[in-house]
Amino acid sequence: MDYFKKYSPFVNLLLLFIIVNVVLRIVLLFHPITQSSFGILEIVKIFGFGFLSDVFVFVVASAFLWLYLLFLSNSKYEKPWGYVIFGSLLSLLIYVSFFNTILNEYGGSLPEVGISFIALKTFLFGLLLFLPNYRKQIRLVLYCIAIFIFVLVIVQNAISEFFFWNEFGVRYNFIAVDYLIYTNTVIGNIMESYPVVPLFTGIGLLTALFTYFIVIHTKPFLYNLPSFSDKIKGLITYVILFIISLLVIPFLAEQEKSSNVFTNELQADGLYKFYVAFMTNELDYHKFYETLPDAEAFAILKNQLPGISNQTTLRTIKSDSAAIRKNVVLITIESYSAEYLKEFANEKKLTPFLDSIAKESLQFTNLYAVGNRTVRGLEAVTLCLPPSAAESVVKRTDNKEKFSTGSIFKQKGYTLKYMYGGDAYFDNMGDFFGGNGYDIIDKKSFAPEEISFSNIWGVCDEDMYTKAIKVMNSEAKKKKPFFNHIMTVSNHRPFTYPEGKIDISPKIKSRDGGVKYTDYALKQFFAMASKQSWFKNTVFVILADHCASSSGKTELPMDKYHIPAMIYAPGFITAKEDTILMSQIDIMPTLFGLLNFSYQSKFYGQDVFSPEYKPRAFIATYQDLGLIKDDVLTIISPVKKVKQFQLISLPNPKLKRGFNLFYEEKPMTKMREDLVNETISYYQTSAYLLKNKKYQK
């Protein structure tokens with residue numbers, strides 16, 4: 001059959017797909033972010049199973065190629081069929097152009113896209129029908145364009161996978177799905193972060209080169225198109241291969257069970273990983289994770305949260321003193337790892353202001369972010385519950401009227417605002433905060449003269465802080481306390497910011513520059529704030545949303561979740577370094593304790609100064625859910641997998657006691673079942689409360 005011979009487009013594109021993926025695996029294998037070494041068996045798995053995955057994934061992904069090849073024909077242009085087909089296409093074009101169709105019902109740009117596609121198809125068919133003497137040349141041009149598109153998809157996907165690995169240290173996951181949804185912001189980020197013209201020029205030239213060789217090699221197929229009987233045989237064979245591929249691909253994915261995360265990621269096929277992420281970005285906890293009877297899970301939870309009863313986390317938080325109704329400003333800093341601070345042995349002097357203010361603050365030196373994305377940090381400080389499997393609550397449709405830090409402040413008579421220098425549409429922030437009682441101040445709220453610098457993510461931090469000062473000055477006149485949550489944007493690729501502010505040029509577009517400018521802008525904010533009437537009556541909470549990177553050899557590398565966190569209020573909060581193990585979800589309940597708030601709580605987060613608090617922390621990806629306790633990291637994962645690691649501190653002589661960042665995560669052969677059950681109880685009960693709408697305010 002011509003479809004499977006050496007001059008077949010299918011065979012040639014399959015060969016290209018395999019070669020490109022082999023090269024990609026080699027590049028990723030030696031990439032600096034791939035912090036691991038591999039044994040012979042792991043190398044065999046990476047390239048052996050990887051090869052098989054690529055073959056079967058290509059078979060499935062080539063469905064559109066097969067449709068194109070099957071409809072390549074000369075007979076359809078013969079009388080009368082050619083005129084019948086052309087007349088049908090022309091009638092369809094008139095219908096969609098001048099009458100109300102299903103495309104109009106969907107609205108948007110879909111009608112224009114549909115009309116353009118049908119018009120192009122009608123025009124091209126007409127050319128081939130009415131210019132038979134030039135049919136061979138026209139078809140060759142169209143064939144070159146088709147092959148170019150297929151080759152471009154292969155090459156572009158490989159380049160995209162490289163840059164995704166460069167950012168996250170993994171193949172495509174649900175973050176890539178999010179990036180597909182927020183196309184404008186992501187494309188803008190790429191435009192500002194990378195040398196786009198040389199990059200896309202290179203991709204174009206490489207694609208053209210591959211297209212040239214494939215077209216030259218497959219001309220015999222184009223000039224001697226398969227007969228009708230060969231098409232039927234080829235189609236039957238392809239359908240059989242397609243069905244086999246659908247069965248084999250998930251089986252090969254199940255073989256990705258090495259203890260080395262990088263082995264699993266390199267072994268996988270990126271396109272299939274994207275498909276899985278697209279289909280499973282919400283995970284049913286009871287279906288994918290280890291479970292306990294609900295009553296038992298809540299009984300275990302009660303050991304950590306005394307006062308709860310039945311299947312709820314509702315309990316009374318009672319202070320012995322009168323509530324202190326100070327203003328509160330919560331600043332979550334984009335991508336700020338603890339390792340940037342001087343006290344964590346960083347010698348680059350990137351955070352001089354934050355280093356200085358830390359000495360005047362209640363500094364938490366052993367606090368961990370719950371996740372590796374901004375929405376996870378926002379979820380943690382707002383809802384104070386363990387990270388949910390797959391999608392953050394912030395991104396879900398059922399994200400409104402939740403029990404939140406904002407709802408507590410509102411009970412106490414505070415005004416609420418969420419301030420973000422970008423568009424709050426991104427990551428569903430506006431919908432989440434607006435649906436939980438916050439007023440939104442984002443880039444759309446800025447007058448043109450209030451913006452001195454912006455990039456694709458939004459206005460620079462200085463502009464955001466200047467706007468915040470104006471808003472808080474206005475709020476202070478109302479004689480009501482305010483709670484304002486500010487989310488920064490400048491410490492994010494492309495790391496551009498105003499010229500002349502720091503000694504690292506924004507033209508370099510370096511992470512160090514982003515970190516240092518963020519620190520500089522924070523200094524300017526406090527310089528302005530200290531001159532305002534409300535300053536001495538305000539508590540500032542400063543912490544990161546997540547670390548700069550989350551990749552590592554293990555599923556949940558500890559140092560990639562360790563973030564700076566501090567509460568600053570001179571004359572009110574005593575400055576000290578607190579080394580207690582805690583989670584991002586504990587920061588606001590701890591603040592409520594310092595403010596002597598009494599309230600009915602549903603939070604999993606706790607006041608770490610309460611005698612009932614038992615030190616623990618949560619860290620997670622979108623699938624792996626972890627609990628740190630008693631120097632053990634317990635991880636539960638789909639499908640009902642459980643792992644435990646003994647955490648062995650790796651000392652650094654430059655660090656003070658309580659400032660450690662790095663741990664060896666040594667797999668435990670004998671499980672601590674009490675910690676396994678405690679981990680399950682946290683995540684299972686929080687999933688139960690969210691699913692059954694019991695975490696409402």
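This is a predicted model: local features need pLDDT of at least 70, side-chain atom pairs count only at pLDDT 80 or more; totals for chains, interfaces and linings use all residues.
Q: What makes the peptide bond between Lys79 and Pro80 a cis bond?
A: Its omega is about 0 degrees. Pro494 belongs to the loop between strand 9 (482–487) and helix 21 (511–529). Such bonds deserve mention because most peptide bonds are trans.

Q: Is Asn428 called buried or exposed, and what of Lys479?
A: Buried means under 20% relative accessible area, exposed over 50%, and partly exposed in between (1.4 Å probe, protein chains only). Asn428 has 18%, so it is buried. Lys479 has 75% and therefore counts as exposed.

Q: How many disulfides are counted, and why?
A: The count is zero. A disulfide requires a pair of cysteine sulfur atoms within 2.5 Å. The sulfur of Cys384 has its closest cysteine sulfur in Cys547, at 19 Å, which is too far for a bond. Starting from Cys547, the closest cysteine sulfur is that of Cys384, again at 19 Å and too far.

Q: What makes Met588 a buried residue, and which residues does it touch?
A: Met588 has a relative accessible area of 0%, so it is classed as buried. The residue is in helix 22 (residues 587–594). Contact means heavy atoms within 4.5 Å; leaving aside neighbours within four places in sequence, Met588 is in contact with Leu330, Val381, Cys384, Thr405, Phe409 and Phe483. Val381 is 207 residues away along the chain, yet the two C-alpha atoms are separated by 6.4 Å.

Q: Is Asn596 called buried or exposed, and where does it lie?
A: Its relative accessibility is 18%, so Asn596 counts as buried. Asn596 occupies the loop between helix 22 and strand 14 (599–601). Beyond its neighbours within four places in sequence, Asn596 is in contact with Ser319, Ser321, Ala322, Ala323 and Ile324.

Q: Why is the ring pair of Tyr3 and Trp66 called neither stacked nor edge-to-face?
A: Rings of Phe, Tyr and Trp (its six-membered ring) pair if their centres lie within 6.5 Å; planes under 30 degrees apart count as stacked, over 60 as edge-to-face and the rest as tilted. The centres of the Tyr3 and Trp66 rings are 4.9 Å apart and the planes are at 35 degrees, so the pair is tilted. A search of the whole structure finds 54 aromatic pairs.

Q: Which parts of the chain does this pair link?
A: The pair links distant parts: Tyr3 is in the segment before helix 1 and Trp66 in helix 3 (residues 63–70), 63 residues apart. Tyr3 is buried at 0% relative accessibility, and Trp66 is buried at 1%.

Q: At what angle do helix 1 and helix 2 pack, and what is the handedness of their crossing?
A: Helix 1 (residues 9–29) and helix 2 (residues 40–61) pack at about 145 degrees, with axes 10 Å apart. Axes are lines fitted to C-alpha atoms, for helices over the stretch in contact, and angles run from 0 to 180 degrees between N-to-C directions. The crossing is right-handed; a crossing is left-handed if the near helix is turned anticlockwise from the far one by less than a right angle, and right-handed if clockwise. Contact residues include Phe10, Leu13 and Phe17 of helix 1 and Ile43, Phe47 and Phe51 of helix 2.

How values were computed: Residues are numbered from 1 along each chain as its sequence is written. Side-chain values use heavy atoms; hydrogens and water are left out. Helices (H or I, at least four residues) and strands (E, at least two) are DSSP runs, numbered from the N terminus.
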